[in-house]
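Thanks for coming. I will take a few minutes to walk through one structure, so please have it open.

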Amino acid sequence: MARLPDFRLGSVLATSFTATLTERAGEPVERIPTPQRLADWFGVVGLTTGPCTDEDLSRAVELREAIHRAATAAADDEPVPQHAVRVINAHSARGRAAAALTPHRERRWRLSRETAVDDALGVIAQDAIAVLSGERAGRWALCASPTCRAAFFDTSRSRTRRWCEMNTCGNREKKARFTAAHGASAQQ
């Protein structure tokens, strides 16, 4: 059995969710190809839902792609496409998760047993709305990697990040530039 790709997680829930599909402009890597992987991802980000269905996966992918389209529009300083707005708003309204504070001053989400997946997707949609509407300080950008082009939310002090992740796209691009400048022998 082939090893499934690791999840790419950042500090923004909505963009961590869109990163479940990477290398969008190259050979796409789907990180939630099955309902079980979707449930795994929910668990990793603290939105434990229990088992997911094919229908849950389909709704999740619809939301992921709507957030990606909205974030790409924001990075390009364009209006968010109406279809993306409708999908994000519908998922936000459907979810009924409640935020809870832990004794360690951390936020956790309480999902209802009956509607856990809708609740989890609602939390993600609400996070996307918060970031897209400007409630958080930062800048939308597109990854400079020609094979990635992921939309990401740059919260760095200078707001000049070029890659969605330095450890993946940034390193790959720097290695490619080094190899082009110094030849393949420099890599050995």
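Predicted model: local features only at pLDDT ≥ 70, side-chain atom pairs only at ≥ 80, totals over all residues.

Salt bridges to begin with. A search of the whole structure turns up nine of them. Take Glu-65 and Arg-24, whose side chains meet at 2.8 Å, N to O. Glu-65 sits in helix 3, while Arg-24 is in the loop between strand 1 (21-22) and strand 2 (29-30), so this pair links distant parts of the chain, 41 residues apart. Glu-65 counts as buried, at 18% relative accessibility. Both residues also belong to a network of salt bridges, which links Arg-24, Glu-30, Arg-64 and Glu-65.

Another salt bridge joins Asp-127 and Arg-136, at 2.1 Å, N to O. Here Asp-127 is buried at 9% relative accessibility, and Arg-136 is partly exposed at 32%. In the bridge between Arg-108 and Glu-106, the N to O distance is 2.9 Å. Arg-108 is partly exposed at 45%, and Glu-106 is partly exposed at 34%.

Now the arginine. Arg-8 lies in the segment before helix 1 (13-18). What is the nearest side chain of opposite charge to Arg-8? That is Glu-23, 4.2 Å away. A salt bridge needs a distance within 4 Å, and Arg-8, although buried, has none. Leaving aside neighbours within four places in sequence, the contacts of Arg-8 include Ser-16, Thr-22, Glu-23, Arg-31, Cys-164 and Cys-169.

Next, the aromatic rings. The structure holds three aromatic pairs. In one of them, the ring centres of Phe-17 and Trp-41 are 5.0 Å apart and the planes are at 50°, so the pair counts as tilted. Phe-17 is in helix 1 and Trp-41 in helix 2 (residues 35-44), so the pair ties together parts 24 residues apart in sequence. Phe-17 is buried, at 0% relative accessible area, and Trp-41 is also buried at 0%. Ring pairs join Phe-17, Trp-41 and Phe-42 in a cluster.

Last, helix 4, residues 82-94. Its 13 residues reach 18 Å from first C-alpha to last, close to the 18 Å expected. Which residues of helix 4 are buried? They are Ala-84, Val-87, Ile-88, His-91 and Ser-92. These cover an arc of only 130° around the axis, which puts them on the same side of helix 4. What covers them includes helix 3 (54-75) and helix 5 (116-132). On the other side, Gln-82, Arg-86 and Ala-93 are exposed.

How values were computed:
Residues numbered from 1 in each chain as written. Heavy atoms only, no water. Helix = DSSP H or I, 4+ residues; strand = E, 2+ residues; numbered from the N terminus. Buried < 20%, exposed > 50% of the residue type's maximum accessible area, 1.4 Å probe, protein only. Lys, Arg positive; Asp, Glu negative; His and termini not counted. Contact = heavy atoms within 4.5 Å. Phe/Tyr/Trp six-rings, centres within 6.5 Å; stacked < 30°, edge-to-face > 60°. Expected span 1.5 Å × (residues − 1). Arc of directions from axis to C-beta.
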